[in-house]
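Subject: Structure handover

Hello,

Here is the structure I promised to pass on. Please open it first, then read my notes below.

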Amino acid sequence: MIFRIFRKELLDTLRDRRTLMTMLVIPILIFPITLNVFVEVSKSFEESASAKTVKIGVVGDDQNHFIKQLKSIPDSLGPKKVLVFSDSTKLRGAIDSKKIELGLIVPKNEASLRAKEQTVQLTWLLDAAEVGRNERAQLYGSSLQAFADAERLNKLGLRSEQIKPLQNTTINCASDKKMIGQLAGGFLPYIFIAFGFIGCMYPAIDLFTGEKERGTLETLLTVPVSRWKILVGKMLVVVSSGMLAATCALLGLFISIEFLDLAANKELLDVIHSVLTPTFIISMFALLMPLVIFFAGVMIPIAIYAKSFKEAQSIITPLNIVMVLPAMIGFFPGIELNFTTAFIPVVNVVLATKELIGGTLSLGSFLSVFGVMFLLACVAISLSLRQFGKESNILN
Amino acid sequence: MIQVSNLRKEFLLTRQQKKELNTTENKALAVSDLSLSCQAGRIFSLLGPNGAGKTTTLRMLATLIEPSSGKIQINGIDAIAHPQQARMQIGFLTGSTGLYARLTPIEVIDYYADLYGVEKSIREQRKEELFTLLHMNDFLHKRIGKLSTGMKQKVSICRTMIHDPSVVIFDEPTSGLDVITAENIIKLIRSCKDQGKTVIFSSHIMSEVDLLCDDLAIIHKGELKFSGTMQDFKSQMQTPNLTEEFIRIVQA
């Protein structure tokens, strides 16, 4: 009988456009679209910024030393035009009024400093809020630095190695998987927690508050089927919807990386391929399942209690923030899965997934997180059952 | 057959409800010591103004809510102790047409037939009978959300009758319907009586009550004001028509 109720509720849910949008369409399309737009927009910004001819205003270079060097930098590093200014106030004004993009202030005594083999302090003026300005200033600055270093070494008759007696090298012993787990591992659980929650939301409201509002719940409760069976049948649809939304979001992300060429880094792709093993996928779903049941179990009593769709939405929407905020814990370094964090719902799943990606999740930790979430899911179900049995909740 | 004795229902009031009702009481009495008997092969009408306790009574009979005290027997089954067994005997048509707008009539009927455990061979025959009787064949595969009020009510009635219940409870079945659809439904209620079913029927339309009912009960503020046969009611009337008599009893 539970399966019959599940089948009907699923059919009903799959015919609801709003649920279909939140369960399938948005999760699948959000990452390919947003990542594609993000990559394309930043690419076009970078391209237009690097192709743009930058006007550099120079003050104080009476001997044209730096102006010559600037002009000698090849245009392949970014086209430029050098203009001479009489004082720094005018130079600043030209930057503020966007007549020039960069300003270079050369100290008046630069020739004597160079002659005495002392340090010449060059000052760059720029509007850092504009895209690409800082990058250009650094590029030209390092080119001038390279000219000056070569000139000074030549004058002193030295090779560059002679003034570099020591060089430090760091070797990262962590595997690529672990690094990805640490750096990007917080992102994956965040996705499935957010979409798992959103996926549960509409069916939970529709199948409980919606039925109450439409008067179909009253009819349904007159059939010779136990209330717990009706509840479980409906709950299965809510959980399936949450699971499907989370899976679709992950699928959308995978499609973006694999087929839309959004992750150009070959090493990153290799790591992703090595992470996506059947064991990883099964373990991830094992963590996701009790989490989504927990979400459904939290939402259903609210949906049963609410008198209208609006009321249910107004309670569950802020709850979204309460549930999804702990998912952000995965973005913070240093917080690890331990005896305490394993007992905090949502946080434990995030940390376990992070370790799962990094390949450092032990069976004991996995089982403790699964156990905690399973227990919480059971509590949530019993809470739902209690609410579903109350006369005041089921009849408007 | 339905046997009701000393039925009582109290509802706990929320803070907001207390404010609205301007009371300090924690409970509101919806039905008070109601005793009724509805026989098989007869139509019993439950009458009362809005807020009299009709719907609460019908919901208790349909085992949707539990009484605070009292007894309900449906065909000899204790409906409070064994609600699921009692539900197999009952077909309950609620006041509002509660149907799934995204499903088709045939999907809804099949769903309820499954929930009532109606065997496939019996179900097909039953569906055919009901679809013909209620003239439903033209819209069986359309989404319910796109049907008219009359069509929806027909689907609701069909859903109520699919398991061939021996006790049928109709809560204002013709409310808001056109004359032709209402007439079809009245015919169906009559056919239920002819088949020996116990029929409870609540309505605000006194002409319908006069036309259909064998027995009637009038309740007001949860209390029984009259219970007896239609014949007894008419013989005891102190006013020229049913409506006026109903008002007189309620206001007494």
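Start with the two domains of chain A: the centres of domain 1 and domain 2 of chain A, taken over C-alpha atoms, are 56 Å apart. Please keep in mind that this is a predicted model. The domain assignment of chain A puts 2-31 and 176-394 in domain 1, and 53-156 in domain 2.

**Chain A overall**

How does the radius of gyration of chain A compare with that of a compact globule of 396 residues? Chain A has 31 Å, whereas such a globule would have a value near 21 Å. Along the principal axes, the C-alpha atoms of chain A fill a box of roughly 100 × 45 × 35 Å. The secondary structure of chain A consists of 16 helices and four strands. Of its 396 residues, 37% are buried. Take the contacts in chain A with a separation of 6 or more: 78% of them join residues 24 or more positions apart.

One residue to look up is Ile321(A). It sits in helix H13 of chain A, residues 309-324. Is Ile321(A) buried or exposed? Ile321(A) has 8 other C-beta atoms within 10 Å, so it counts as exposed; the cut-off for exposed is 12 or fewer. Ile282(A) is 39 residues away from Ile321(A) along the chain, and their C-alpha atoms are separated by 27 Å.

**Chain B overall**

Chain B has 10 helices and 10 strands. The box filled by its C-alpha atoms is roughly 50 × 45 × 35 Å along the principal axes. In chain B, 41% of the 252 residues count as buried. For contacts in chain B with a separation of 6 or more, residues 24 or more positions apart account for 70%.

**Helix H7 of chain B**

Next, please find helix H7 of chain B, residues 179-194. This helix has 16 residues. From first C-alpha to last, H7(B) reaches 22 Å, close to the 22 Å expected at 1.5 Å a residue.

Which residues of H7(B) are buried? They are Thr181(B), Ile185(B), Leu188(B), Ile189(B) and Cys192(B). Viewed down the axis of H7(B), these buried residues fall within an arc of 100°, so they line one face of the helix. The other side of H7(B) has the exposed residues Val179(B), Ile180(B), Glu183(B), Lys187(B), Ser191(B) and Asp194(B).

What do the buried residues of H7(B) pack against? Their partners in chain B are these:

- strand S3 (43-47), strand S7 (167-171) and strand S8 (198-202)
- helix H5 (120-133), helix H6 (149-161) and helix H8 (206-212)

After H7(B) comes Gly196(B), with a positive phi near 85°.

**Where the chains touch**

How many residues does each chain bring to the contact? Chain A gives 17 residues and chain B gives 20 residues. On the side of chain A that touches chain B, helix H1 (2-14) and helix H9 (216-220) of chain A are the elements that give two or more residues. H1(A) supplies the largest share of that side, with four residues. By class, this side of chain A has eight charged, five nonpolar and four polar residues.

Over to you.

Best wishes

Key
Residues are numbered from 1 along each chain as its sequence is written. Chains are lettered from A and ligands numbered from 1 in the order in which they are written. This is a predicted model: local features need pLDDT of at least 70, side-chain atom pairs count only at pLDDT 80 or more; totals for chains, interfaces and linings use all residues. Two residues are in contact if their C-beta atoms, placed from the backbone, lie within 7 Å. Ala, Val, Leu, Ile, Met, Phe, Trp, Tyr, Cys and Pro count as nonpolar, Asp, Glu, Lys and Arg as charged, and the others, Gly among them, as polar. The expected span of a helix is 1.5 Å times one less than its number of residues. A residue is buried if 20 or more other C-beta atoms lie within 10 Å of its own, exposed if 12 or fewer, and partly exposed in between; C-beta atoms are placed from the backbone. The arc is that of the directions from the helix axis to the C-beta atoms. The radius of gyration is taken over C-alpha atoms; the globule rule is 2.2 Å times the number of residues to the power 0.38. Domain bounds come from an automatic or database domain assignment.
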